[in-house]
Amino acid sequence: MKEINKRLLSWASILDAKAEEQARVTSTMPFVFPHVALMPDAHLGLGATVGSVIPTLRAVMPAAVGVDIGCGMIAVRTQFRLSELPNDLRALREQIERAIPVSAGAHNNKIVATAVPRVAELEQMAVAAGFDPAQALGAWREQLGTLGSGNHFIEVSVDETDSVWLFLHSGSRGVGNKIAQRHIKVAQKMMQKWWITLPDPDLAYLVEGTPEFDRYIAELRWAQQYALLNREEMMDRVVRQVSEWTGTDVLELERINCHHNFTQKETHWGKSVWLSRKGAISARAGELGLIPGSMGTASYVVEGLGNKVALESSPHGAGRNFSRSAARRTFTHDQLKEAMTGIEYRDTDAFLDEIPAAYKPIDQIMEDAADLVKVRHKLRQIVNVKGD
């Protein structure tokens, strides 16, 4: 751990100067307590640094939570060993792609049977919160159980014992993004109303006890639950496809589902704070979490160590070393194919900006996180599904 200043601590051995400066500016906000914690995968983000943990007193900065509210990971450990799987991995990838709509804006043609109770839960939650999610995104129901694009993925992996895991990463899809963008604008208007000058307009905040704050928290909690149920719905479909592919029912020996873009009330250093994790997971002592690498490198199942100084948090992934545009300028399709050797994936130029070399080395991230989590399993992919 490196103390950049009294209000900014960093666990990142690889940290871009712009990201460090962005985090330093965030740490100067007067309601930050006791300090901002930068995770090993920290990199430049919108308003607040991705990979930052931001505790605040009686205020929340919507951009510090992120626009994909509730984005996170889910994993299932199955009873299968690698040697027990059929050889045709392409058939499984294509089955998963047929069962789960992928790519930006994709949605189901109808609300499928497994999604019906989840949609009903979200409808009831929205009524209780006093808002209509359709005002943010009309097709939110049809998007439940869809993957998205970018760094979101579905993978079949094996651990150090050759046990087979199902692993995926996704969020609240378009509806969470729309909710976040609206409240960022509301916060910015509040700053203008009260003549508050900020070092960055994306650090605009909402104050506890105001209607604007209450509305944001209510919709934020809904979007966080949407993201969690979205992952559950997709994982149920992946389990079904694997069962059909193997001809054997999948036995779920373990299921882990965790957010990495969220805020919630927690107690740290003797005070009740709103703890915003933007690209970080909760890592309380004994708590299980998931830290994926890039599409061609290892992922990890971890157990939190409850590091108090790190605000009981850990990294959420590898973290980008190259922006998407820089990755496309720097790397080639042949390099992508080489990096994905031995992994069944859809070979397309669309994934060039997701090449593993565009990310920080995941093994370095895990070394930096040694006092935050302990590794329970190291996973390697055999199947990767992504959206364009």
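This section describes the overall dimensions of the protein and one of its sheets. The structure is a predicted model, in which local features require pLDDT of at least 70 and side-chain atom pairs count only at pLDDT 80 or more, while totals for chains, interfaces and linings use all residues. Residues are numbered from 1 along each chain as its sequence is written, and side-chain values use heavy atoms, with hydrogens and water left out.

The protein contains 10 helices and 17 strands, taken as DSSP runs (H or I, at least four residues, for helices; E, at least two, for strands) and numbered from the N terminus. Its radius of gyration, 20 Å, is close to the 21 Å given by the globule rule for 388 residues, so the protein is as compact as a globular protein of that length. The radius is taken over C-alpha atoms, and the rule is 2.2 Å times the number of residues to the power 0.38. The C-alpha trace spans about 65 × 45 × 40 Å along the principal axes. Of the 388 residues, 58% are buried (under 20% relative accessible area, 1.4 Å probe, protein chains only).

Seven strands form an open sheet with antiparallel pairing, in the order β10-β6-β8-β7-β17-β15-β14; strands pair if DSSP finds at least two bridges between them. Because β10 (254–259) and β14 (288–291) stand at the edges with a single partner strand each, one side of each lacks a neighbour in the sheet. Within the sheet, strand β15 (residues 299–304) runs antiparallel to β17 (residues 373–386) and is joined to β17 by six bridges. Ser299 has Leu379 of β17 as its bridge partner.

Conventions
Buried < 20%, exposed > 50% of the residue type's maximum accessible area, 1.4 Å probe, protein only.
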